[in-house]
Amino acid sequence: MNQPNIPLSDHVQTDKWTKGLSDAEVPLEVHDLTVAYHHKPVLYGVDLRIPPGKLIGIIGPNGAGKSTLIKAIMGLIPTDSGWVRLFGESNKKNLRRVGYVPQRESVDWDFPVNVMDVVLMGRYGKLGLFKRPKKQDRDIACACLEKVKMMPYADRQIANLSGGQQQRVFLARALAQESDLYLMDEPFAGVDAATESSIISLLHELRKQGKTILVVHHDLPTARNYFDMLVLLNMRLVDFGPTEEVFTYDKLQKTYGGRLTILSEVADAVRQTKS
Amino acid sequence: MNELIPAWDWQTVVVAPWTTDLPIYGWIVLMGFFVCAACGLAGNYLILRRMALVGDAISHSVLPGLAIGFLVANAWSIGGGADDASASSHGFSYGLAVFIGSLVAGIVTTMLIEIIHKRTRIKQDAAIGITFSTLFALGVVLISVYADKVDLDADCVLHGEIAFVSIQPFTSLAGHEIAPDPVVRMGMVALLTLGLVLLFYKELLVSSFDPGLASSMGINATCVHYALMCWLSVIVISAFEAVGAILVIAMLILPGATASLLTTRFPKVMMLSILHAALSTVVGVHLAIWLNSSTAGCMVVAGSGLFGLAWAFSPSQGLLKQWWRRRRTPLPDAQVIAPDHSDVEVP
Ligand SMILES: Nc1ncnc2c1ncn2[C@@H]1O[C@H](COP(=O)(O)OP(=O)(O)OP(=O)(O)O)[C@@H](O)[C@H]1O
Ligand SMILES: [Mg+2]
């Protein structure tokens, strides 16, 4: 069997950032998570304990398993070993407290629903079986649309939106879920700079309310400024900690190992932070 | 004289089915409507999930299920010894065995498609093709091997005739004959379909649109998928014997496809597909009388005709509209079509 070429991680102290918190206060705990597609592992023994009230970036090269990690946390794909706990309970039990923003390509945008319908879907989890959304749910949905500046498009069929607008609809839907933990897979993909910064201020507002937000992010220079903490991932967990501590040349090089074009970008990013 | 186009006789083609011949055509229309409506409602979800061909697959692969059901029922009745008094109960156990056999076949089809598609690199459409052709062939082989025991031929399964529905045995309740058996059965299936669609509206919608979101709400998308497929098998099987496969396969797709040309809201899509079901049934029946042809075939032709009309005249995507737009409106100046950024907050 040929061993895949993956960077070996130092022992990352997993409970360093959640000391003194009870299990129910830890929004997300991942233990020894291994996931394989067709017997080819893409995530090896990932250990994470995420502290509450933080805006956390997940970075790593293409194919690092970032989306896979999020899907595994959501219980959308089978895992080969390890477990995931949300707020001290199994992920099955507490998934309702999680808002999920999938990669935009993961849904069919020709679906016969309009923007309002999609945001209302975010309320379905709070409604019981057989119940219809009520006025209160509509009001919340409207408020969420307002927050992402999409209210003028409420009646629009989702196919007739630009990529960035679609992304904002997804964000509004996640807000409507009123979750305590948010998992967002590349919410900034295809979004213009103005929208990106309005989304970021929205995320800061959520953080102020004590919510925990995990964001898969691709742009290294902005990652430095956006996030309180970073998860460096490349099949294994390379490191996890406050941005100032882990956003270093060595650690990023280890994460993006051997990819020269990206390395120069990393170097730029690190140099920027130094200056 | 044999003309190319049959003579149009207002009396026989249009009036008679609703007056003198109502006892015959009333049941045909009702049956056709139940089949088309049930198929249309369930078919909408297939279209949304991009699984339109799964219906086709299930309707072919129930054949081995039917065959095995027949064999099992045969084995029972040989063991039990048949005399006239218990004939009706035998009819019932036949029906039940065949029904269960087909249901199992439907579920096996769904599972095979899922397994092939998930566990290998083969895409879903290819997985569907492999599964249903294999199972259909298995059915053909079973029927020919046990030709003496299985009173079934592949043709009759695919071409059941809705025109004979009024001469089927009637269901009676408290001594009154209510309606032909297949109509009662299909009516219940159609009503249940509507009920399920209304009850589980949210769950079906969200798990079709975004399985990830569904599972975060505790809705198991896989369970919903299998439940939908089971129910699809029930619809297909109930419709099958009476109306044949052509109507079922076509009506899983046509109503939903037609409706989605006309509206972009899901509840309206559902309502329009029921309307499509009703219209194609009625038009199809008249067409069949006029052309003296297969009723199910004519219903499908009518349904396709409606699809064509919707395509031509749809207010948003219609051919006419497109042609009109291209002719009448010159492209606006770049200034006018420049994106409006007033909705975006500039930091
Ligand atoms: N459905 C799948 N079947 C097989 N392999 C898969 C599947 N999804 C992902 N993979 C593989 O798993 C690995 C990790 O994929 P993942 O989508 O998690 O990467 P990612 O970090 O999100 O990458 P990106 O930055 O491109 O989004 C990749 O090597 C990919 O080829
Ligand atoms: Mg990804």
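Helix α6(A) is followed by G210(A), whose phi is positive, near 90°. This is a predicted model, in which local features need pLDDT of at least 70, side-chain atom pairs count only at pLDDT 80 or more, and totals for chains, interfaces and linings use all residues. Residues are numbered from 1 along each chain as its sequence is written, while chains are lettered from A and ligands numbered from 1 in the order in which they are written.

**Helix α6**
- Helices are DSSP runs of H or I with at least four residues, numbered from the N terminus.
- Helix α6 of chain A covers residues 193-208, 16 residues in total.
- From first C-alpha to last, α6(A) reaches 23 Å, close to the 22 Å expected at 1.5 Å a residue (1.5 Å times one less than the number of residues).

**Helices α3 and α5**
- The axes of α3 (residues 115-124) and α5 (residues 163-176) of chain A come within 7 Å and cross at roughly 30° (axes are lines fitted to C-alpha atoms over the stretch in contact, with angles from 0 to 180 degrees between N-to-C directions).
- That makes α3(A) roughly parallel to α5(A), a term for angles under 35 degrees.

**Ligand 1**
- The residues around ligand 1 include Y37(A), H38(A), G60(A), N62(A) and K66(A), with C-beta atoms, placed from the backbone, within 6 Å of the ligand.
- Helix α1 (residues 66-73) of chain A gives the most to this shell, with 3 residues.

Terms used: Helices (H or I, at least four residues) and strands (E, at least two) are DSSP runs, numbered from the N terminus. Angles under 35 degrees count as roughly parallel, over 145 as roughly antiparallel, 65 to 115 as roughly perpendicular and the rest as oblique.
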